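Here is a walk through one structure, written for someone who has not seen it before. The account takes each chain in turn and then the contact that joins them.

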Protein chains: 2
Amino acid sequence: MGRGTEPRGAPRARVLATRRVYEGKVLSLDVDEVEEPGDVRAEREVVRHRGSVAVLPVHDDGRLVLVRQYRYPVDALVWELPAGRLDAGESAEEAARRELEEEVGLRPRRLEPLTVFYTTPGFCDETMHLFRATGLRGVAARPEADERIEAGTFTLARARGMIRRGEIREGKTLVALLMEIARRPSARRR
Amino acid sequence: MGRGTEPRGAPRARVLATRRVYEGKVLSLDVDEVEEPGDVRAEREVVRHRGSVAVLPVHDDGRLVLVRQYRYPVDALVWELPAGRLDAGESAEEAARRELEEEVGLRPRRLEPLTVFYTTPGFCDETMHLFRATGLRGVAARPEADERIEAGTFTLARARGMIRRGEIREGKTLVALLMEIARRPSARRR
């Protein structure tokens, strides 16, 4: 990630044994026997994931675009940022532009990196690249065959109410909306 | 989660076949053949996880407590909220109190639920319960055998600077700190 606080040369784990128990389309699973810094010897179950991007699209009038889709793992319809996995060889910015166009049919003039974070570093190596897209113009959306996506447009005040009522209940989406609230003085005061 | 926006009786997936490819200590992995709402037929790789809690400890003077620990999946030292998995039969509040005491040796007079969210609903069912702990008093910390945890105390202004510089790079921790920034007028204006 290149922006860490750990000192260079920080102690790393020594891998004593590794076993790939599953190799799939979206993820793989390793069970590793490791010796971590501080002489911690442990067996770690690690989901390997190629990394993701998510985009907060902001219209010229300040309204935000979210998508709602059925998520089988949690058996629920979830409001989220337009998002997806990195394709092989693709940069995070390229993936963000691709997902924005595929999922909501928008092309941004400007794509600003917001932050990069680990979604669940206790058991998964997924890195999430968050962007903010502005200068949006509409093109045709092209959802993937296994996606049914509904888009919605919200003022920041409305999104803030949704957070307060527990209606935004997905990690990356909370991070991006709360960053947007922090940068807009008028929304903060409400 | 009981606080969703989807209508009652919303269409749910039909599971055509399920295969448990791994059953572990921290997580299990299923590969399910499903028919989702909107006639989407798909094979879904789903990490099953029992759910987690995380706590933002806030001292009487407003300073916050974070922990830094080595996370093998991402091979990095990561600043995070005190956090952990739910034990069997344990409520989220009980788990939050337990983790706070185990990891940083603090007992709260008040534990306020902040939000509940999915960490990665695209491939995992983990639910994260976030709390804010106040009225803290010190007791002895009791880290688990496979944990090496360093605690740090930060003003909110300092935490905000760490977010800006990309030094806070974990999902739940960003959510809790950004919620804290949103609720404290003095921190927001900086």
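In chain A, three strands make an open sheet in the order 1-2-3, and their pairing is antiparallel. Strand 1 (14-23) and strand 3 (40-49) of chain A are the edge strands, each of them pairing on one side only. From one strand to the next, the twist averages 20°. The model described here is a predicted one.

Strands pair through hydrogen bonds of the backbone, and the pairing is either parallel or antiparallel. In chain A, strand 2 (residues 27-36) and strand 3 run antiparallel and are joined by 10 bridges. One place to look along strand 3 of chain A is Glu43(A), which has Glu33(A) standing opposite.

Chain B also has an open sheet of three strands, with the order 1-2-3 and antiparallel pairing. At the edges of this sheet stand strand 1 (14-23) and strand 3 of chain B; each has a single partner strand, so one side of each is left without a neighbour in the sheet. Strand 1 of chain B runs antiparallel to strand 2 (residues 28-36) of chain B, and eight bridges join the two. Within this chain, Thr18(B) has Asp32(B), in strand 2, as its bridge partner.

How do the two chains relate to each other?

The contact itself comes next. Chain B contributes 74 residues to the contact and chain A contributes 73 residues. The size of an interface is often given as the accessible area that is lost when the parts come together. Between chain B and chain A the buried area is about 6,600 Å², and carbon and sulfur atoms give 61% of this area.

Which polar links cross between the chains? There are 22 residue pairs in polar contact between chain B and chain A, both residues being at pLDDT 80 or more. Two salt bridges are counted between chain B and chain A. A salt bridge is formed by Arg12(A) with Asp75(B), where the closest N and O atoms are 3.2 Å apart. On the side of chain B that touches chain A, the largest share comes from strand 3 (residues 40-48) of chain B, with eight residues.

Conventions: Residues are numbered from 1 along each chain as its sequence is written. Chains are lettered from A and ligands numbered from 1 in the order in which they are written. This is a predicted model: local features need pLDDT of at least 70, side-chain atom pairs count only at pLDDT 80 or more; totals for chains, interfaces and linings use all residues. Side-chain values use heavy atoms; hydrogens and water are left out. Two strands pair if DSSP finds at least two bridges between them. Helices (H or I, at least four residues) and strands (E, at least two) are DSSP runs, numbered from the N terminus. Axes are lines fitted to C-alpha atoms, for helices over the stretch in contact, and angles run from 0 to 180 degrees between N-to-C directions. Contact means heavy atoms within 4.5 Å. Buried area is the accessible area (1.4 Å probe) that two parts lose on being put together, summed over both. A salt bridge is a side-chain nitrogen of Lys or Arg within 4 Å of a carboxyl oxygen of Asp or Glu. A polar contact is a pair of N or O atoms within 3.5 Å; within protein, one must be able to donate a hydrogen and the other to accept it, and residues adjacent in sequence count only if both atoms are side-chain atoms.
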